[in-house]
Amino acid sequence: ESGDSLSVLNTSSTESVIQGSNSSDLLTAKIPVGTPDAVDKPVEVAATHNGTRAYVPLAQSGRVALVDLMTLRQVDTNPLTTGEIDPIDLPANAAPGAIAIHPTDKYAYIADSNSGAVYVLDIDPLSDAYNQVTQTISLPSATSGVAGIELSPDGRKLFVAAPGFPNSQIIVINVDLADRPIEESANTRLWHEPIGSLSVPAWVQGITVGENSQQIAFTTLSDFYGFGAVEITNDDPLGFAMSTPKYASLGLGSFADYFDINRAVDVEVMANGDYAFVAAIINSSQTN
């Protein structure tokens with residue numbers, strides 16, 4: 001974040017490179033993002049599924065950098081200006097954070113970490129609105145902003161982790177392209193609209209969706225409810241419903257010991273659904 005750059009690693013032969021030298025030789029490129037005269041603070045990155053482009057939200061300057069993964073350089077998204085490389089503009093006062101790219105590479109969804117909003121960025125090179133924000137999905141109940149977003153592997157639902165106190169929310173948005181209204185027809189299938197929500201413990205953080213697109217896992221900063229899991233019971237946008245969440249405490253012993261997983265911030269689930277791996281921040285009083 002402090003270096004305003006995107007690092008690219010070559011992972012095609014990691015073992016042989018590390019055995020021959022060290023892990024620093026895996027670094028292929030370090031690409032400046034944003035603009036040189038500003039602190040942009042890149043926070044996340046998402047690549048298109050065809051491997052040609054990466055989109056990098058810039059939290060401080062409220063923009064999104066576009067990186068060409070073939071030439072390994074930032075792309076100027078506004079050729080009408082001269083003398084500088086322009087990132088993509090977001091709406092005024094945007095604080096972009098988490099990002100997810102639709103499996104079709106037609107849209108990028110960018111969460112606002114300060115307000116209840118998800119920006120819809122058109123990333124289809126054949127679209128007249130290429131690299132433009134075409135819609136802002138408003139989430140009035142996400143009063144503390146959005147901590148994380150995740151698309152279901154089938155590309156039909158977008159899951160939003162909206163932290164809060166004393167309760168947080170998981171909000172579900174319909175992003176199924178089959179439900180997109182044709183031209184001026186009514187949006188009867190609620191495309192790009194919230195279709196459901198679930199109350200969960202305070203300060204939800206990370207969220208992920210299983211390979212079957214029906215199971216959702218999430219983390220909260222509360223160690224007692226540190227890991228949560230829920231299943232979709234009805235995935236139709238007009239009757240969407242989820243099961244009652246199940247939780248696992250992340251305490252492994254005494255609260256004062258060094259082996260607990262404290263303050264879980266993110267989670268990923270294996271493709272076969274057997275295990276979840278939780279990333280956490282230790283207590284500030286702990287030293288290792």
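Strands here are DSSP runs of E at least two residues long, numbered from the N terminus. A pocket, searched for on a 1 Å grid over the protein atoms alone, is an open set of points with protein on both sides within 12 Å along at least five of seven lines, and its lining residues have an atom within 4 Å of a point. Keep in mind that this is a predicted model, where local features need pLDDT of at least 70, side-chain atom pairs count only at pLDDT 80 or more, and totals for chains, interfaces and linings use all residues. Residues are numbered from 1 along each chain as its sequence is written, and side-chain values use heavy atoms, with hydrogens and water left out.

Let's start with strand β17, residues 215-220. Of its 6 residues, 5 are buried, so β17 is largely enclosed by the rest of the structure; buried means under 20% relative accessible area with a 1.4 Å probe, protein chains only.

What does β17 pair with? Strand β16 (residues 204-209) is one partner, antiparallel over 4 bridges, and strands count as paired if DSSP finds at least two bridges between them. Here Thr208 sits across from Ala217 of β17. The hairpin of β16 and β17 has 5 residues between the strands, and Ser213 in this hairpin takes a positive phi near 65°. Strand β18 (residues 227-234) also runs antiparallel to β17, joined to it by 5 bridges. In this pairing Phe218 faces Gly228 of β18, and a hairpin of 6 residues links β17 to β18.

Of its 18 lining residues, Gln215, Ile216, Ala229, Val230 and Glu231 are closest to the centre. β17, β18 and β20 (246-248) each supply at least two lining residues, and β18 gives the most, with 4.

The largest pocket comes to about 550 Å³. It is lined by 30 residues, with Ile149, Glu150, Leu151, Ile207 and Glu268 nearest its centre. Elements giving two or more residues to this lining include β16, β12 (148-151) and β21 (264-269).

Finally, take a look at Ala59, in the loop between β4 (53-58) and β5 (63-68). Leaving aside residues up to four places away in sequence, Ala59 touches Asp40, Lys41, Val43, Ala94, Ala95 and Pro96, where contact means heavy atoms within 4.5 Å.

Terms used. Buried means under 20% relative accessible area, exposed over 50%, partly exposed in between (1.4 Å probe, protein chains only). On a 1 Å grid over the protein atoms alone, a cavity is a set of points where a 1.4 Å probe fits but cannot get out, and a pocket is an open set with protein on both sides within 12 Å along at least five of seven lines; lining residues have an atom within 4 Å of a point. Grid points are joined across faces, edges and corners, and a volume is the space filled by probe spheres set on the points.
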